[in-house]
Amino acid sequence: MEKPLVYIVSDSVGETAELVVKAALSQFDNNGELELHRVPYVEDLEILRETVYQAKEKGAIIGFTLVEPTFRNYLLKESSKHGIECIDIMGPMVDAMERVFKQVPRLEPGLVHKLDEDYFKRVEAIEFAVRYDDGRDPRGINKADIVLIGVSRTSKTPLSQYLAHKRLKVANVPIVPEVDPPEELFYVNPEKCIGLKISPEKLNDIRKERLKALGLGDQASYANMNRIQQELKHFETVVDRIGCHVIDVSNKAVEETANVILSIRNNLSAK
């Protein structure tokens, strides 16, 4: 005996319909004995007519997710005419939502996969920010959408994560007088580099609080004003050499700085 056959018809890839069919199949003790045949990216009635013909020949079931009303109605009508079991998997839900929400649906195929794509881009950007945080791998500079440059405690890491949720790949590079900046900084497009400037007084306060949180005294060189002045002077030298945008983050929240960066990017894109 031939395996039962289900045609999965869709104006997108057909994954949604296939998942529903497999979920329904799991309720039967047939050891998965079912053949699935996808008919994706339906664009005209001829494909539907041919599918109905084949389903009739093979005694198959048709399950479909078609958002175009003309296609939905045609497939249901033709299947009924030929005595074929044809299940509209998504249509009744869309119709119910239209009635309850009092909104007209977009009727665009594949939107759920666009949402998935957006989600995966965000995850990829977050993973990128972690991988190329704090200058741990200078190769990220060339791959990044944005490169943040600054001395310690200028919010480079939280900014990287915030921008990653906007689907931007961000690398950040710490500037320390004793360590030469990675050469990649001076060859990458300076327009994607952002220097994070901060006042010595503000940085001093932030670093003292950081030392307290770590249970250390605030006399460490990390919070010493002369040391801070030295670091900031070195930072100015580096960003001047790169020729990149510089943002004063002294009195800005992460969200505010991120919005300035996004504005800079938008202005560059508009040129």
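Colleague: Which way do Leu 5, Tyr 7 and Val 9 point from β1, and which way do Val 6, Ile 8 and Ser 10?

Modeller: The general idea comes first: in a regular strand the side chains alternate between the two faces of the sheet. Here Leu 5, Tyr 7 and Val 9 point one way from β1, while Val 6, Ile 8 and Ser 10 point the other way, and all are buried. Buried means under 20% relative accessible area, exposed over 50%, and partly exposed in between, with a 1.4 Å probe and protein chains only. A word on the source: this is a predicted model, where local features need pLDDT of at least 70 and side-chain atom pairs count only at pLDDT 80 or more, while totals for chains, interfaces and linings use all residues. Residues are numbered from 1 along each chain as its sequence is written, and side-chain values use heavy atoms, with hydrogens and water left out.

Colleague: Which strands do the bridges join to β1?

Modeller: Two strands pair if DSSP finds at least two bridges between them. Strand β1 (residues 5-10) runs parallel to β2 (residues 35-39), with five bridges joining them. Five bridges also join β1 to β3 (residues 61-65), again in parallel. For landmarks, Leu 5 has Glu 35 as its bridge partner in β2, and Ser 10 has Thr 65 in β3.

Colleague: How many helices and strands does the secondary structure come to?

Modeller: Helices (H or I, at least four residues) and strands (E, at least two) are DSSP runs, numbered from the N terminus. The protein has ten helices and eight strands.

Colleague: Is Ile 261 buried or exposed?

Modeller: Ile 261 is buried, as its relative accessible area is 0%. This residue lies in helix α10 (residues 254-270). Leaving aside neighbours within four places in sequence, Ile 261 is in contact (heavy atoms within 4.5 Å) with Ile 146, Leu 148, Leu 159, Leu 163, Ile 194 and Ile 247. Lys 156 is 105 residues away from Ile 261 in sequence and 12 Å away in space, C-alpha to C-alpha.

Colleague: What radius of gyration does the protein have, beside a compact globule of 271 residues?

Modeller: The radius is taken over C-alpha atoms, and the globule rule is 2.2 Å times the number of residues to the power 0.38. A compact globule of 271 residues would come near 18 Å, but the protein has 29 Å. Its C-alpha trace spans about 85 × 45 × 40 Å along the principal axes. Buried residues make up 37% of the 271.
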